[in-house]
Amino acid sequence: MGIKIGGGVKIPTTIGQYDLGIERKKIDFGRLPGAGTGGAQGASGPSDEEVLGGLIEDMYGRFAPEQYEYGARSAEDIRSSVAAWLRPNYDQAVLNRQEQTRAYKASLDADAIGRGMGSSTYVTDVKNRQQNAEARDIATLEADYGAALARYVSDGIENESDRAFEIEQFNAEQRQNAYELAYSAALQLFERYKKQPQSGSSGTSAVKATSRENCEAFLGMLSQEERSEIYGATTAAGQQYRAELLASVGEAGYVQLMDMFPSAP
């Protein structure tokens with residue numbers, strides 16, 4: 001006897017009423033002993049805790065949500081972006097102030113010529129005072145620009161940090177929801193596992209292991225009544241096939257096969 005089936009079998013996409021999808025990215029928690037791996041188990045087999053842990057890990061791998069990443073902008077990128085729209089306003093203000101000085105000087109020269117004063121000391125002094133006032137005003141504009149730029153950059157960095165935190169919080173919530181679904185599904189499988197006869201050290205010898213794909217193909221060819229004979233180990237042939245399944249996929253994997261290929265009620 002032995003399970004010998006050729007050809008591959010598709011990965012299961014549902015369990016219960018949940019759509020699991022395929023090619024989900026699995027998060028590695030570290031494989032627990034006896035949790036759905038191939039090969040024969042020890043004489044005593046895995047503990048209930050190990051079986052349940054393996055089921056939870058496997059179900060989480062199926063429910064694991066897509067994780068999103070937020071590419072937060074750097075401070076330099078934010079500074080460049082803000083300066084691109086903020087700086088032109090201050091440059092225009094500086095040009096306006098300089099034009100005001102030039103217009104004032106031109107008016108002062110015209111008035112001096114009209115009065116026959118020419119380039120007197122008085123006119124020169126007034127022009128210097130106007131030039132100094134312009135310098136002070138421009139310095140004030142530059143200081144205002146620096147303060148506004150720093151404020152906008154600081155706000156931008158804070159906003160980027162908030163967005164990155166929101167994404168990570170969303171990812172954490174999705175992982176928690178997936179774990180709760182996985183835990184619930186694993187408990188259902190574990191309850192079914194506990195209701196089945198447990199393998200012991202006695203029974204047939206020289207049990208041969210095969211691939212999981214062969215196990216799935218083999219069970220898929222059987223009727224529910226025939227699978228019931230294997231799961232319940234009610235006959236010698238059923239006991240032998242059950243032992244081969246356990247040797248091939250382990251206790252946790254066996255429970256998963258029972259869920260994929262149900263038996264008669």
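Begin the tour by selecting Y68, which is partly exposed at a relative accessible area of 43% (buried means under 20% relative accessible area, exposed over 50%, partly exposed in between, with a 1.4 Å probe and protein chains only). The model is predicted: local features need pLDDT of at least 70 and side-chain atom pairs count only at pLDDT 80 or more, while totals for chains, interfaces and linings use all residues. Residues are numbered from 1 along each chain as its sequence is written, and side-chain values use heavy atoms, leaving out hydrogens and water.

**Aromatic pairs**

Rings of Phe, Tyr and Trp (its six-membered ring) pair if their centres lie within 6.5 Å; planes under 30 degrees apart count as stacked, over 60 as edge-to-face and the rest as tilted. By this rule there are six aromatic pairs. Y68 belongs to the loop between α1 and α2 (75–114), and F170 to helix α3, so the pair ties together parts 102 residues apart in sequence. Helices here are DSSP runs (H or I, at least four residues), numbered from the N terminus. F170 is partly exposed, at 35% relative accessible area.

Next, select F218 and Y241, a tilted pair with 4.9 Å centre to centre and 40 degrees between the planes. F218 lies in helix α4 (residues 212–221) and Y241 in helix α6, 23 residues apart. F218 is buried at 10% relative accessibility, whereas Y241 is partly exposed at 22%.

**Helices α5 and α6**

Display α5 (residues 224–231) with α6 (residues 236–260): they pack at about 90 degrees, their axes 8 Å apart. Axes are lines fitted to C-alpha atoms, for helices over the stretch in contact, and angles run from 0 to 180 degrees between N-to-C directions. The two helices are therefore roughly perpendicular (65 to 115 degrees). On the α5 side, E229, I230 and Y231 make the contact, meeting α6 residues that include Y241, R242 and L245; contact means heavy atoms within 4.5 Å.

**Nonpolar cores**

Finally, colour the largest nonpolar core, a set of 17 residues in which L55, M59, F63, A186 and F190 touch the most other members. Such a core consists of buried Ala, Val, Leu, Ile, Met, Phe, Trp, Tyr and Cys residues joined through side-chain atoms within 4.5 Å. Helices α1 (48–63), α3 (121–195) and α6 each supply at least two of its residues. Apart from it lies another core, of 13 residues, among them C215, L222, L245 and Y254.

How values were computed:
Angles under 35 degrees count as roughly parallel, over 145 as roughly antiparallel, 65 to 115 as roughly perpendicular and the rest as oblique.
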